[in-house]
Amino acid sequence: MSATKGGPKGSGAKKTYEEMPYDLVKEGTLAVLAVGALVLVLSGVLSTPDVPALTAQQVVQQDPMLLVTTELNHLGLQDAIANYGPPYNHGTGAVQSLGPFAPQQWAGVQVPVNARKDDVLIPLHRMAVMDPAVKRTLAAWDHGSSAQQLAWVANVQKVLPQSSVRHDRLVLPNPGAVQYGPVPQMVNDYLRIARSGLLEAAIDGAVGPVPVLNRTKALLLLENTADTAYATKLNMLGDEWGVMKETGNYPGAVWLWYYTLLYQIPPYNTSDSADLLAVLTVTIVTFILMMTPFIPGLRSIPRWLKIYRLIWRDHYRETRERGGTQS
Amino acid sequence: MKTNWTRALRTSIERNITMDNLLPDRLPKYVHSYVYLFGVLTLASFVWLIVTGTVLAFFGPEWWHVSPVGHFFNSMHFWSVQAFFFFMVLHLWAQFLMAAWRGGRHFTWISGWLLFLISIVGGLTGYLSQTNFDAQWVGVQGKDAMNSVGVGGFFNLLNFGQMYGLHIFIIPFALMALISGHLFLVRKHGVVEPLPWDGKGDDAR
């Protein structure tokens, strides 16, 4: 077919270019079929990973002392969430800011979480409905002052290195010592409800048969030590580019490399406000890239790189052969 | 004379959206380059994302854990995502190297970036909708970044219902709307013309 003169429509282009017949619909259809075939082959050959979520039941089976430590940290108000700050509470432990720029603080508490109450005491109270002994243990806990409660927890934590869990019971040196208060029994009860597989459900506490779709509180229980231990086994930690990795040897969110990269280099990898710094940097860089057409210098980089000569090589060659100007 | 909104809309559509522009059967010869395929391959990957995602959504988020067929559809969805981003990133680089924002095409460039950014949110909410350890780990790790900039309260990575709703409806809907706009702009302005060989000239902007 003969080529005719034409050019991009509506672009205000001054030049005209030779045209050729083109079938966009056919091209699109073939592209869909080609990608479909590629996806089918990759799915058939490589499949996808599916490592089940880490549960409290799994933790209690594989490393019960880890759950004991987690529970005691919650009761002793030492876990990462107890003093996290917004959006969960008024703590300061995880609040990030850059000088006066503190959006986390400005946003305030929007998803209230009391880690000790929500992740430990509430499930035990739910358990107490079925087991009066748990009710007595919790009454003893409630009977202690705040300072007394913290002291009981600290006394148990002190002897934890010499302790173990046998048959879902915490075995402490000098068992029954008064300085432990009701804490050992609370640990035993907690191990039992975790063993049953009902702990997460008891934390979120579905009322009626409708599923709970917001699992924030249950997910926050294991978010620190236990999840990290599991992720370590799977090589998914942040300093191993974890955010963009998938479990197993699969590509994950590789398109996040320019965000994840920041966490590997200073000042991001040493800053207390690394997340805020990284998100701000990526936001600013992205905005600049988005505005490339309006930024002198940046918009000229393609001209300096001259890779366009490779992309349009046929066009330039044909123009040259016709003896026209190289445009 | 009072303005008739209906007539104004019709006139605007007739002026801006001609079928010759939308579905041309002739294109400039310089389009003959593999680089131009990255866009259509991105679009083709998106088609498969919607097809496989629709099947997965129909059977519910737990299906793929318990059914080999479900797992296969999940694999197709996963590899469609990989293809989608692979071709999209190539498309983005190609458009940059061609300075494809020239000739009044800046909104095409900006809408492409918006598509890339919304797609990233789509990928993130997809990971969070997997209901497995990937979802759990991405959620507990990613929450700190969201919280640090003050958005963790209303974009809560640990709220499965919110993430799933975003992933299966709001984000695909936004992507489809934006893709329509992006394609319309591409067709309206035509395919970007070659840079002058020496890279100089007014149209090099």
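The model is a predicted one.

**Chain B overall**

- Chain B holds eight helices and one strand.
- The C-alpha trace of chain B spans about 55 × 55 × 40 Å along its principal axes.
- Chain B has 205 residues, and 44% of them count as buried.
- Among contacts in chain B with a separation of 6 or more, 72% join residues 24 or more positions apart.

**Two domains in chain B**

- Chain B is split into domain 1, residues 33-98, and domain 2, residues 105-192.
- A distance of 14 Å separates the C-alpha centres of domain 1 and domain 2 of chain B.
- Where they touch, eleven residues of domain 1 of chain B are in contact with 13 residues of domain 2 of chain B.
- On the domain 1 side of this contact, helix 3 and helix 5 of chain B each supply at least two residues.
- That side of domain 1 of chain B has eight nonpolar, two polar and one charged residues.

**Contact between the chains**

- Chain B puts 84 residues into the contact and chain A puts in 88 residues.
- On the chain B side, at least two residues each come from strand 1 (26-28), helix 3 (37-59), helix 5 (68-97), helix 6 (106-128), helix 7 (133-148) and helix 8 (160-189).
- Helix 5 of chain B gives the most to that side, with 14 residues.
- Sorted by class, the side of chain B that touches chain A consists of 46 nonpolar, 30 polar and eight charged residues.
- Strand 1 of chain B and strand 2 of chain A (residues 17-21) run antiparallel and are joined by three bridges.
- Within this pairing, Leu27(B) is the bridge partner of Met20(A).

**Helix 5 of chain B**

- Helix 5 of chain B has 30 residues, and the distance from its first C-alpha to its last is 43 Å, close to the 44 Å expected at 1.5 Å a residue.
- After helix 5 of chain B comes Ala99(B), with a positive phi near 50°.

**Nonpolar cores**

- In soluble globular proteins, nonpolar side chains tend to be buried together.
- The largest nonpolar core here has 82 residues, and Ala56(A), Val183(A), Tyr190(A), Ala194(A) and Phe84(B) have the most contacts inside it.
- Helix 5 of chain B gives the most to this core, namely eleven residues.
- Another core, of 16 residues, lies apart from it and includes Tyr17(A), Ile311(A), Trp312(A) and Trp109(B).
- Beyond its neighbours within four places in sequence, Val183(A) is in contact with Leu75(A), Trp152(A), Val153(A) and Val156(A).

**Helix 3 of chain A**

- Helix 3 of chain A (residues 64-75) has twelve residues and so should span 16 Å at 1.5 Å a residue, which agrees with the 17 Å between its end C-alpha atoms.
- Nine of the twelve residues of helix 3 of chain A are buried, and the helix is mostly covered.
- Among these buried residues are Pro64(A), Leu67(A), Glu71(A), His74(A) and Leu75(A).
- Leu77(A), which follows helix 3 of chain A, has a positive phi near 60°.

Technical notes. Residues numbered from 1 in each chain as written. Chains lettered and ligands numbered in written order. Predicted model: local features only at pLDDT ≥ 70, side-chain atom pairs only at ≥ 80, totals over all residues. Helix = DSSP H or I, 4+ residues; strand = E, 2+ residues; numbered from the N terminus. Buried ≥ 20, exposed ≤ 12 C-beta atoms within 10 Å, placed from the backbone. Contact = placed C-beta atoms within 7 Å. Nonpolar A, V, L, I, M, F, W, Y, C, P; charged D, E, K, R; others polar. Pairing = 2+ DSSP bridges. Expected span 1.5 Å × (residues − 1). Core = buried A, V, L, I, M, F, W, Y, C linked by C-beta atoms within 7 Å. Domains from an automatic or database assignment.
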